[in-house]
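Q: Please show me the model first. Then I will ask what stands behind each label.

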Amino acid sequence: MFSENDVSLLIPAHNHARHIAIALHGIRESEIIPGEVIIVDDRSSDDLERVLDSFSKDFEFNYQKKETGEGFDAGAVRSLAFKESTKEIVVFMDGDCIPV
């Protein structure tokens, strides 16, 4: 059996600050809170860091910022997030996904 502490939630982001705020609000209100939330930002030009800061009391984030490459490379961002994960169970969620 596992617990929510065994879960890494990995979220790639590229100019999804508004959607990630909604997603994190939904996660915060859910019954299961992941043991870690890893967000990898692929050179966003929006206010993602400010949004994450507003949730810093609710979650411990592992926030990574990918600085190289051209365009949004979801595969590379997911791979980077996966390498950062430390939990037994890994769940990927797109940056513009809204949990219900």
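Q: Which residues does Pro99 touch, not counting residues up to four places away in sequence?
A: Pro99 touches Ala23, Gly26 and Ile27. Touching here means contact, that is, heavy atoms within 4.5 Å. Pro99 and Gly26 are 73 residues apart in sequence, yet their C-alpha atoms are 5.9 Å apart in space.

Q: What do these values rest on?
A: This is a predicted model, in which local features need pLDDT of at least 70 and side-chain atom pairs need pLDDT 80 or more, while totals for chains, interfaces and linings use all residues. Residues are numbered from 1 along each chain as its sequence is written, and side-chain values use heavy atoms, leaving out hydrogens and water.

Q: Why is Pro99 called partly exposed?
A: Its relative accessible area is 28%. Buried means under 20%, exposed means over 50%, and partly exposed lies in between, with a 1.4 Å probe and protein chains only. Pro99 therefore falls in the middle class. It lies in the segment after β4 (89-92). Strands are DSSP E runs of at least two residues, helices are H or I runs of at least four, and both are numbered from the N terminus.

Q: How do you know that α1 has close to the expected span?
A: Helix α1 has 13 residues. The expected span is 1.5 Å times one less than the number of residues. That gives 18 Å, and α1 reaches 18 Å from its first C-alpha to its last.

Q: Which residues of α1 are buried?
A: Ala17, Ile20, Ala23, Leu24 and Ile27 are. They are on the same side of α1, because they cover an arc of only 120° around the axis. That arc is taken from the directions running from the helix axis to the C-beta atoms.

Q: What do the buried residues of α1 pack against, and which residues are on the other side?
A: The buried residues pack against β1, β2 (36-42), α2 (48-54) and β3 (61-66). Arg18 and Glu29 are exposed on the other side of α1.

Q: Which residues line the largest pocket closest to its centre?
A: Of twelve lining residues, Leu9, Ile27, Ser30, Ile32 and Pro34 are the closest to the centre. A lining residue has an atom within 4 Å of a point. β1 (7-13) and α1 (17-29) each supply at least two residues of the lining.

Q: How do the lining residues divide into nonpolar, polar and charged?
A: Ten are nonpolar, two are polar and none is charged. Ala, Val, Leu, Ile, Met, Phe, Trp, Tyr, Cys and Pro count as nonpolar, Asp, Glu, Lys and Arg as charged, and the others, Gly among them, as polar.

Q: Why does His16 count as buried?
A: Its relative accessibility is 17%, so it passes as buried. His16 sits in the loop between β1 and α1. Beyond neighbours within four places in sequence, it contacts Asp46, Gly95 and Asp96.

Q: Why does Asp53 count as exposed?
A: Its relative accessibility is 54%, so Asp53 is in the exposed class. Its place is in helix α2.

Q: What is the phi of Asn15, and what is the phi of Arg43?
A: Phi of Asn15 is near 55°, positive in a residue other than glycine. Phi of Arg43 is near 60°, also a positive value in a non-glycine residue. Asn15 lies in the loop between β1 and α1, and Arg43 in the loop between β2 and α2.

Q: Why is Asn15 called partly exposed, and why Arg43?
A: Asn15 has a relative accessible area of 33%, so it is partly exposed. Arg43 has 21%, so it is partly exposed too.

Definitions and conventions. 1 Å grid on protein atoms, 1.4 Å probe; cavity = no way out; pocket = protein on both sides within 12 Å on 5 of 7 lines; lining within 4 Å.
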